[in-house]
Amino acid sequence: MHPDLSPHLHTDECNELITLLRQCHKEHNVMKLFGTCNDADRAMRQCLKKESQTKRERSRQHAEEMKKRLRDAPKEQL
């Protein structure tokens with residue numbers, strides 16, 4: 001299972017791959033069940049994974065910055 005494929009949630013690169021997969025599924029209605037669209041699906045999943053890892057790293061860095069700000073803040077502000 002993959003995340004929501006709405007265009008506003010993903011990069012342009014991933015949106016292109018999502019569009020290619022959807023187009024493949026439309027063109028090969030039955031053959032998609034036999035692996036015709038697997039290459040497009042793998043490429044899309046790889047892109048979504050890379051996006052997820054980037055978001056996770058950005059979130060981790062933000063959390064570290066916030067922890068540091070809280071530790072370094074003067075006691076009066078807390």
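**Notes on the model**

Visitor: Where does N15 lie?

Guide: N15 lies in helix α1, where helices are DSSP runs of H or I with at least four residues, numbered from the N terminus. The model is a predicted one, in which local features need pLDDT of at least 70 and side-chain atom pairs count only at pLDDT 80 or more, while totals for chains, interfaces and linings use all residues. Residues are numbered from 1 along each chain as its sequence is written, and side-chain values use heavy atoms, with hydrogens and water left out.

Visitor: And does N15 count as buried or exposed?

Guide: N15 counts as buried, at 16% relative accessibility; buried means under 20% relative accessible area, exposed over 50%, and partly exposed in between, with a 1.4 Å probe and protein chains only.

Visitor: What does N15 touch?

Guide: If residues up to four places away in sequence are not counted, N15 touches S6, P7 and H10, a contact being heavy atoms within 4.5 Å.

Visitor: What about D4, where is that?

Guide: D4 sits in the segment before α1 and is partly exposed, with 46% relative accessibility. Leaving aside neighbours within four places in sequence, D4 is in contact with L9 and H10.

Visitor: Switching topic, how many disulfides does the structure hold?

Guide: It holds 2 disulfides, a disulfide being a pair of cysteine sulfur atoms within 2.5 Å. When the bonded cysteines are numbered in sequence order, the pairing is 1-4, 2-3.

Visitor: Which residue forms a disulfide with C14?

Guide: That is C47, and the sulfur atoms of C14 and C47 are 1.8 Å apart. C14 lies in helix α1 (residues 12-27) and C47 in helix α2 (residues 38-72), so this pair ties together parts that are 33 residues apart in sequence.

Visitor: Why is the disulfide of C14 and C47 called left-handed?

Guide: Because the torsion about the S-S bond of C14 and C47 is about -100°. Both ends are buried, C14 with a relative accessible area of 1% and C47 with 4%.

Visitor: Then what about C24 and C37, how far apart are their sulfur atoms?

Guide: The sulfur atoms of C24 and C37 are 2.0 Å apart, and the two residues form a disulfide. This pair links distant parts of the chain, with C24 in helix α1 and C37 in the loop between α1 and α2, 13 residues apart. The link of C24 and C37 is left-handed, with -90° about the S-S bond, and C24 and C37 are both buried.

Visitor: Back to the helices, at what angle do α1 and α2 pack?

Guide: α1 and α2 pack at about 155°, with their axes 9 Å apart; axes are lines fitted to C-alpha atoms, for helices over the stretch in contact, and angles run from 0 to 180 degrees between N-to-C directions. That makes α1 roughly antiparallel to α2, a label used for angles over 145 degrees.

Visitor: Which residues of α1 meet α2?

Guide: E13, C14, L17, I18 and L21 in α1 meet a set in α2 that includes A40, M44, C47 and L48.

Visitor: Last one, where is A73 found?

Guide: A73 is in the segment after α2 and is buried, with a relative accessible area of 18%. The C-alpha atoms of A73 and R42 are separated by 46 Å, the two residues being 31 residues apart along the chain.

Key. Helix = DSSP H or I, 4+ residues; strand = E, 2+ residues; numbered from the N terminus. Parallel < 35°, antiparallel > 145°, perpendicular 65-115°, else oblique.
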